[in-house]
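Subject: Structure handover

Hello,

Here is the structure I promised to pass on. Please have it open while you read the notes below.

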Amino acid sequence: MSCSVHVRAFRDLLDGEGIVEDVERIVAYTTDQRQLFTGSTLAVLKPATTQQVADIVRLAARHSIGIVPQGGNTSYCGGATPDASGRQMIVSLERMDRIREVDPVSMSISVDAGAILKNVQDAAAAAGLLLPLSLGAEGSCRIGGNIGTNAGGLSVVRYGMTRDLLLGIEAVLADGTVVSDMRKLRKNNTGYDVKQCFVGSEGTLGIVTGAVLRLAPLPTRRATAWLKLANGAPLAELLALVRRESSDLLTTFEFMAARAIALATDAMTDPPSLGAGSAGAVLVEFASSSRHLDLDQLMEAVLAEVIEAGWIEDALLAQSGSQRAAMWRLRETIPEGEKRRNGSIKHDISVPLSSIQRFLDLAGSQMRSYDADLELSVYGHVGDGNLHYNVLVPPDVDRLEFTKRIESSLSLQLYDTAAALGGTFSAEHGVGRFKKHLLERYGDVGRIAAMRRIKAAFDPADIMNAGAVVRPLGEKSVC
């Protein structure tokens with residue numbers, strides 16, 4: 001069957017809005033979020049229902065056409081980008097964006113997989129509830145992609161990853177079978193927890209079309225503080241003290257090095273005068289829905305302890321919503337600051353909390369030995385052991401060439417250090433296409449073998465996002 005006949009067959013399944021064939025429009029779907037790679041596709045398919053997704057997959061399987069599921073196309077690892085062969089069709093879930101149900105009693109929300117995260121947050125908030133998943137791309141990323149990458153974000157320290165919020169799922173398997181398990185149950189001990197297979201799978205096992213997510217009480221009170229860290233401040237011990245003394249009301253513990261703060265400040269038209277201590281700064285936030293807790297008083301008591309311990313040079317407790325917003329705006333502008341500085345090579349490091357300072361010390365030494373003139377932007381969700389250890393691309397240097405050089409040399413040294421400390425090269429960004437070789441290098445042999453067998457069981461013809469995450473059975477490693 002020719003390419004044009006293939007496209008016509010898919011066009012017959014969808015209405016006029018359900019397929020994109022214009023070359024200029026397609027580029028937005030075939031280029032990864034960081035613009036490191038552009039793949040090729042015959043067309044972008046945009047189903048509006050789960051049944052249309054199933055019909056698309058059955059037709060693709062019949063003609064051995066690859067499928068690349070895509071949500072908001074915000075992957076940092078090329079996980080939603082087709083390869084260059086032109087033999088893969090993108091299936092965009094952007095038209096499947098309904099909020100199906102908000103259940104305040106069960107404290108759950110049921111949605112299409114193409115629903116934008118921010119819209120789901122807003123729907124929960126309108127019912128007086130909180131969807132705890134929160135990340136920088138929430139205005140454009142979609143729930144299916146959040147599930148596919150097991151997205152983390154800003155509140156993991158209290159609420160966990162996407163995996164911890166997922167109650168039910170609807171998905172289409174590689175033969176067009178629909179898995180319909182959209183139940184709101186907290187307890188369901190009836191065999192394999194199939195929904196969890198799709199978490200972190202990045203579209204390699206099937207296409208998630210719907211999800212039921214766990215909600216929490218909507219916080220009505222917050223206490224937010226900006227801590228300027230003293231030289232030698234032990235991050236892990238500081239976190240442990242704050243968690244213990246706040247009785248687990250801690251929702252945020254965000255570390256920022258001074259250079260990262262400066263980048264964000266430079267990118268803002270009206271930056272707040274917050275600054276950093278000798279060792280950077282930490283944004284700490286408590287939240288509660290109780291009318292009976294004085295969170296500001298609690299925060300003041302906790303800050304008194306850390307000041308007495310000599311771990312912080314100064315602290316600012318937000319006195320208004322605008323002050324709190326300014327603190328968050330500075331934290332959230334760091335990626336934009338990096339981009340304006342010519343970009344960065346991103347290292348999404350995860351290490352045990354007890355090893356964070358050790359990693360920072362060893363990685364800093366490796367950086368200086370590699371090239372003392374390189375600059376870093378270091379920040380992250382230290383409350384859950386995640387550091388974004390980003391190497392800034394020097395001005396007037398070709399970003400793509402510099403990225404290739406660093407990722408083939410210094411990056412591996414940094415990942416070696418993380419692995420030696422019991423950590424990993426990907427805390428929340430996933431594996432996608434760009435980091436598959438790293439999974440081969442650092443992954444446990446038995447675990448990778450299990451992943452390959454799961455892939456073969458779910459997708460024996462390897463049509464679902466082939467080339468991402470894991471090699472199919474029978475394909476040899478190139479490492």
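Two strands count as paired if DSSP finds at least two bridges between them. Helices (H or I, at least four residues) and strands (E, at least two) are DSSP runs, numbered from the N terminus.

Some ground rules come next. This is a predicted model, with residues numbered from 1 along each chain as its sequence is written, and local features need pLDDT of at least 70. Side-chain atom pairs count only at pLDDT 80 or more, totals for chains, interfaces and linings use all residues, and side-chain values use heavy atoms, with hydrogens and water left out.

**The five-stranded sheet**

Strand 5 pairs with strand 6 (residues 108-112) through four bridges, in the antiparallel sense. Within that pairing, I99 has V111 of strand 6 as its bridge partner. Both strands belong to an open sheet of five strands, in the order 5-6-10-8-9, with antiparallel pairing. Strand 5 (99-103) and strand 9 (178-181) have a single partner strand each, so they stand at the edges and one side of each is left without a neighbour in the sheet. On average, neighbouring strands here are turned by 15° against each other, direction ignored. Angles run from 0 to 180 degrees between N-to-C directions, and axes are lines fitted to C-alpha atoms, for helices over the stretch in contact.

Helix 3 (residues 50-62) lies across strand 5, strand 8 (166-173), strand 9 and strand 10 (206-214). Helix 3 runs at about 40° to strand 8.

Another open sheet has four strands, in the order 1-2-4-3, and its pairing is mixed. Strand 1 (19-20) and strand 3 (66-70) are the edge strands, each pairing on one side only. Strand 1 and strand 2 (residues 44-45) run antiparallel and are joined by two bridges. V20 stands opposite V44 of strand 2. Helix 2 (residues 23-30) packs on this sheet and touches strand 1, strand 2, strand 3 and strand 4 (88-92). The direction of helix 2 makes about 80° with that of strand 4. Contact here means heavy atoms within 4.5 Å.

Buried means under 20% relative accessible area, exposed means over 50%, and partly exposed lies in between (1.4 Å probe, protein chains only). Strand 13 (residues 250-256) is mostly covered, with seven of its seven residues buried. Strand 13 pairs antiparallel with strand 14 (residues 281-288) over six bridges. There, M256 has A281 as its bridge partner. Strand 13 also pairs antiparallel with strand 18 (residues 376-380), over two bridges. F255 is bridged to G380 in strand 18.

Which residues of helix 9 (residues 235-245) are buried? They are L235, L238, L239, L241 and V242. These residues are on the same side of helix 9 because they cover an arc of only 160° around the axis. The arc is taken from the directions from the helix axis to the C-beta atoms. The buried residues of helix 9 pack against strand 12 (221-229), strand 13, strand 14, helix 11 (295-308) and helix 14 (356-370).

**Cores**

A nonpolar core is a set of buried Ala, Val, Leu, Ile, Met, Phe, Trp, Tyr and Cys residues joined through side-chain atoms within 4.5 Å. The largest has 59 residues. F253, F255, V284, F286, F359 and Y389 touch the most other members. A second, separate core of 29 residues includes A113, L117, A123 and L215.

**Single residues**

R259 is in helix 10 (residues 258-267) and is partly exposed, at 26% relative accessibility. Leaving out residues up to four places away in sequence, R259 touches R341, E375, L376 and L392. The C-alpha atoms of R259 and M89 are separated by 42 Å, and the two residues are 170 apart along the chain.

T333 sits in the loop between helix 12 (321-332) and helix 13 (334-340). T333 counts as buried, at 14% relative accessibility.

**Cysteines**

How many disulfides are there? The count is zero, where a disulfide is a pair of cysteine sulfur atoms within 2.5 Å. The sulfur of C141 has its closest cysteine sulfur in C77, 14 Å away, which is too far for a bond. C141 is buried at 3% relative accessibility, while C197 is partly exposed at 31%.

Best wishes
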